[in-house]
Amino acid sequence: MRESKSARLARMHAEYDILCRIIPAPECALDFNSPLQLLIATVLSAQTTDTRVNTVTPELFATYPTAAALAAANPSQVEDIIHPLGFYRSKTQHLLGLAAALDERFGGEVPQTMEELTSLPGVGRKTANVVLGNAFGIPGFPVDTHVMRVTGKLRWRSDWRASHPDPVHIEREITACFPPEDWTNLSHRLILFGRATCHARKPDCGHCPLAQSCPSFGL
């Protein structure tokens, strides 16, 4: 039987209540001490793990503590530091361009609006939402591959059948169902749940706390 919108919304909140109980204190997995550090770390996290990013950022941040310092860096020296992450040449160019834009347009400070953040080279909505929510406490809902997969498996979104879902559509549809103050931790919990249980290749349905209500259980 087709699930009504009101029934789906009630199920979403019931399932999120369970996630809140099993993941009571979610945190950003990237190590940072300032908005600039988080912005840089998030850009570096593309196509690699947060854990691996955390192994290179202490040296990177110590060597280039400001946007101006990073903008003026010797590219080969930055490449040497971030080499373990892969795609280090292109990531270095992204970092230097981002740092230069921050220095020239914002006095080296990270802006606090979606519009300004996404105007920076290499910064999309996902990265901007990470920075807004975790560095500034401004509601943001980052949509990564885990969020895409979990919201699809749970059928929290209307396009759950889509093979290439639109992250912006997901962001808008999911955030419309929860108050803004929940958005950042909602994303964290979905990501952590995706990493721990609702895996991409073989979901651990046998140990899933949402198994009783999940429409994809056992599929």
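S216 lies in the segment after helix α11, which covers residues 183-196. Helices here are DSSP runs of H or I with at least four residues, and strands are runs of E with at least two, numbered from the N terminus.

Before going on, the ground rules. This is a predicted model, in which local features need pLDDT of at least 70 and side-chain atom pairs count only at pLDDT 80 or more, while totals for chains, interfaces and linings use all residues. Residues are numbered from 1 along each chain as its sequence is written, and side-chain values use heavy atoms, with hydrogens and water left out.

Back to S216. Is S216 buried or exposed? Its relative accessibility is 10%, so S216 counts as buried; buried means under 20% relative accessible area, exposed means over 50%, and partly exposed is in between, using a 1.4 Å probe and protein chains only. Leaving out residues up to four places away in sequence, S216 touches K153 and R155, where contact means heavy atoms within 4.5 Å. A polar atom of the S216 side chain lies 2.5 Å from the backbone oxygen of K153. A polar contact is a pair of N or O atoms within 3.5 Å; within protein, one must be able to donate a hydrogen and the other to accept it, and residues adjacent in sequence count only if both atoms are side-chain atoms.

R155, the other partner of S216, sits in the loop between α9 and α10. Its phi is near 55°, a positive value in a residue other than glycine. Most residues other than glycine have a negative phi. F87, in the loop between α5 and α6, also is not a glycine and has a positive phi, of about 50°. Both are partly exposed: R155 has a relative accessible area of 23%, and F87 has 48%.

Now the helix pairs. Two packed helices are described by the angle between their axes and the distance between the axes. Axes are lines fitted to C-alpha atoms, for helices over the stretch in contact, and angles run from 0 to 180 degrees between N-to-C directions.

Helix α2 (residues 35-44) and helix α3 (residues 50-63) have axes that come within 11 Å and cross at roughly 135°. That makes α2 oblique to α3; under 35 degrees counts as roughly parallel, over 145 as roughly antiparallel, 65 to 115 as roughly perpendicular, and the rest as oblique. On the α2 side the contact uses Q37, I40, A41 and L44, and on the α3 side V53, T57, L60 and F61. These divide into 6 nonpolar, 2 polar and no charged. Nonpolar covers Ala, Val, Leu, Ile, Met, Phe, Trp, Tyr, Cys and Pro; charged covers Asp, Glu, Lys and Arg; the others, Gly among them, are polar.

How many residues of α2 are buried? The count is 9 of its 10, and α2 is mostly covered. Those buried residues pack against α3, α4 (67-71), α5 (75-82), α6 (88-106) and α8 (125-135).

The second pair is helix α1 (residues 5-22) and α11, with axes within 10 Å and a crossing of roughly 75°. The two are therefore roughly perpendicular to each other. Y16, L19 and C20 in α1 meet N185, L186, R189, L190 and F193 in α11, giving 6 nonpolar, 1 polar and 1 charged.

Last, G140, in the loop between α8 and α9 (145-153). G140 counts as buried, at 1% relative accessibility. The C-alpha atoms of G140 and T175 are separated by 8.9 Å, though the residues are 35 apart along the chain.
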